[in-house]
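This note sets out some points on helix packing and aromatic pairs for a reader new to structural description. Please keep the structure in view while reading.

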Amino acid sequence: MARITVDGIPLEVEDGAMLLEALDDAGVLMRDVTIPHYCWHPKLSIDGSCRLCQVEIEGAPKLQIACNTPVEDGMVVHTENERVAAARAGVTEMLLVNHPLDCPICDQAGECKLQDYAFEYGALQSRTREPRRALAKNVDVGPTIVLDQERCILCRRCVRFCREVPGTGELVVRGRGDRSVIDTFPDEPLDNPYSMNVADLCPVGALTTKDFRFKIRVWFLEDVPGICTGCARGCNVYLGVADNKVQRYQPRRNDAVNDTWICDAGRLSYKEIGAADRLSTAMLRGDLGVLEVVGFRDALQAAADRLTRVRQARGASRIGVVASPHATNEDLFVLRRFCDALGVETAGVAVVRGDADDLLLHAEKAANAAGARAMGFEDAAAVCEKLRRGALDALLVAGHDLLDAAYLGGVDGLGDLDTVVWLDTHVSDLQRVADVVLPTRVAAERTGTYTNATGHVQRVTPAVEPAFDARAEGAVIAALGQALHLDGFEVGFDARETSRALSEGVPLFRGRSFDAVGDAGLPLEEEA
């Protein structure tokens with residue numbers, strides 16, 4: 001370790017690390033120590049092109065760029081003196097020679113570094129007399145991204161990202177000198193599973209996503225920390241919320257999970273939260289054989305009555321349960337207790353699998369398959385096998401992944417059951433055979449924890465409230481347990497209390513309660 005002093009602040013950092021990187025790792029960059037920068041990014045190679053991060057180092061004759069200057073023991077750094085301030089002002093003036101300061105109409109106003117630095121270090125007026133460069137606007141560089149070349153400051157973060165992270169290299173610098181622009185090769189658009197990250201990387205308003213472009217001003221958004229639930233990676237995200245609606249996902253840095261990236265499919269999965277096909281009412285199949293809208297309490301009581309009838313007539317062994325890999329650890333903990341209290345012998349979890357890669361995309365397309373397995377729910381193959389040979393009379397199913405081709409491949413055979421109680425967030429073919437339908441909440445609407453594919457326990461808090469009566473699976477199962485008069489279900493569901501009980505009752509989750517894991521999450525406790 002090296003002992004350095006920055007603006008009079010003594011710090012102990014990794015010897016040999018670059019100064020910006022060392023300050024970022026120490027958690028003081030842009031907090032206790034302000035060094036403006038454009039081209040440097042903690043997860044990309046060093047470019048050193050923007051020259052904005054110049055600092056004074058005692059003993060060095062000239063200012064040095066902090067992104068590419070290695071730390072040495074005893075180094076004394078100044079970032080706020082007149083010499084450094086003059087360099088920042090000079091670089092800012094040069095960058096603004098051709099960049100329009102049209103913040104009122106720029107789609108990145110509010111989260112643009114050029115806007116911030118022009119305010120802090122920019123000149124009051126331009127001294128140039130030459131006409132500004134007229135470059136292309138609204139360039140369609142691919143299915144997800146629009147480029148405004150005139151806003152680009154050539155920091156090359158986007159170029160390095162495409163080369164270094166997905167390894168596709170679609171973006172390049174074309175031309176030389178003051179004619180250099182970011183572009184794609186002819187007939188080779190920016191089109192890879194992580195393409196939309198370039199908009200997050202762009203420090204100015206040059207690259208924007210087609211999905212969010214001109215949708216809403218960012219200062220109207222509240223950024224709520226959460227996780228993406230598109231696959232078992234559980235990438236950390238900020239949910240941008242306005243008017244009780246999630247407007248976008250943006251990646252949230254977590255080096256143990258997703259660095260600072262998120263795939264395009266996961267980023268766009270926010271649309272499922274407010275989708276038109278959400279299940280929005282409790283329903284009960286009536287005497288005419290069609291589902292009728294009923295109150296939540298009536299649906300719960302009907303589910304309890306039907307399960308009681310099967311249990312008394314044929315025994316609890318004739319009741320099957322399918323857990324949802326989209327539910328929280330707390331929901332699954334309650335469901336596990338419910339199965340044990342009811343005497344259910346056949347329970348499992350159905351997990352849909354799909355595309356995967358070596359970066360973030362995980363084959364399991366559910367956020368909490370690992371949590372379900374940790375709670376004792378094995379693969380639902382055994383449930384399917386009993387269903388096919390008619391060994392079950394009732395099924396309590398959460399979610400609709402059971403319909404995947406790897407399991408039942410549809411609802412054939414479920415219609416012969418005496419009772420199907422279905423809990424879910426979105427409409428599916430299960431609606432054709434369910435006797436009781438109970439709407440549930442998505443991750444953005446609930447409190448709880450999820451366990452990703454690597455065993456990292458992470459938490460979510462409600463970002464929005466559903467406009468209808470939907471409840472967490474844990475709340476529904478707890479109420480059903482009460483209606484069935486099961487032991488241990490005398491009180492209702494509280495996610496935080498359940499999380500504490502889970503961390504005390506299941507060794508893998510020891511110390512991994514909702515309050516303990518924090519926003520960064522914690523790995524599961526290692527088995528002794």
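At roughly what angle do the axes of H8 and H11 cross, and within what distance do they come? The points below begin with that pair; the model under discussion is predicted.

1. Helices H8 and H11. The two axes cross at roughly 25° and come within 8 Å. Angles under 35 degrees count as roughly parallel, and H8 is therefore roughly parallel to H11. The crossing of these two helices is left-handed. On the H8 side, the contact is formed by Asp 331, Val 334, Leu 335 and Phe 338. H11 contributes Glu 473, Gly 474, Ile 477, Ala 478, Leu 480 and Gly 481. By class, the residues in this contact of H8 with H11 are six nonpolar, two polar and two charged.

2. Helices H7 and H11. H7 covers residues 296-314 and H11 covers residues 473-483. Their axes lie 9 Å apart, and the packing angle is about 55°. That angle makes H7 oblique to H11. H7 and H11 cross in a right-handed sense. From H7, the residues Phe 296, Leu 300, Gln 301, Ala 303, Ala 304 and Leu 307 meet Val 476, Ala 479, Leu 480 and Ala 483 of H11. This contact of H7 with H11 holds nine nonpolar residues, one polar residue and no charged residues.

3. Helices H8 and H12. Here the axes cross at roughly 70° and come within 9 Å. H8 and H12 are therefore roughly perpendicular to each other. The crossing of H8 with H12 is left-handed. Asn 329, Glu 330, Phe 333 and Val 334 of H8 make the contact with Ala 495, Thr 498, Ser 499, Ala 501 and Leu 502 of H12. The contact of H8 with H12 comprises five nonpolar, three polar and one charged residue.

4. Aromatic pairs. With ring centres required to lie within 6.5 Å, the count comes to six aromatic pairs. One of them joins Phe 338 and Phe 489, whose ring centres are 6.2 Å apart and whose planes stand at 90°, so the pair is edge-to-face. Phe 338 belongs to helix H8 (residues 329-342), while Phe 489 sits in the loop between H11 and helix H12 (495-505), so the pair ties together parts 151 residues apart in sequence. Both Phe 338 and Phe 489 are buried.

5. A tyrosine cluster. Which residues do ring pairs link into a cluster? They are Tyr 38, Tyr 117 and Tyr 121.

Note on methods
Residues numbered from 1 in each chain as written. Predicted model: local features only at pLDDT ≥ 70, side-chain atom pairs only at ≥ 80, totals over all residues. Heavy atoms only, no water. Axes fitted to C-alpha atoms, helices over the stretch in contact; angles between N-to-C directions. Helix = DSSP H or I, 4+ residues; strand = E, 2+ residues; numbered from the N terminus. Parallel < 35°, antiparallel > 145°, perpendicular 65-115°, else oblique. Left-handed = near helix turned anticlockwise from the far one by under 90°. Contact = heavy atoms within 4.5 Å. Nonpolar A, V, L, I, M, F, W, Y, C, P; charged D, E, K, R; others polar. Phe/Tyr/Trp six-rings, centres within 6.5 Å; stacked < 30°, edge-to-face > 60°. Buried < 20%, exposed > 50% of the residue type's maximum accessible area, 1.4 Å probe, protein only.
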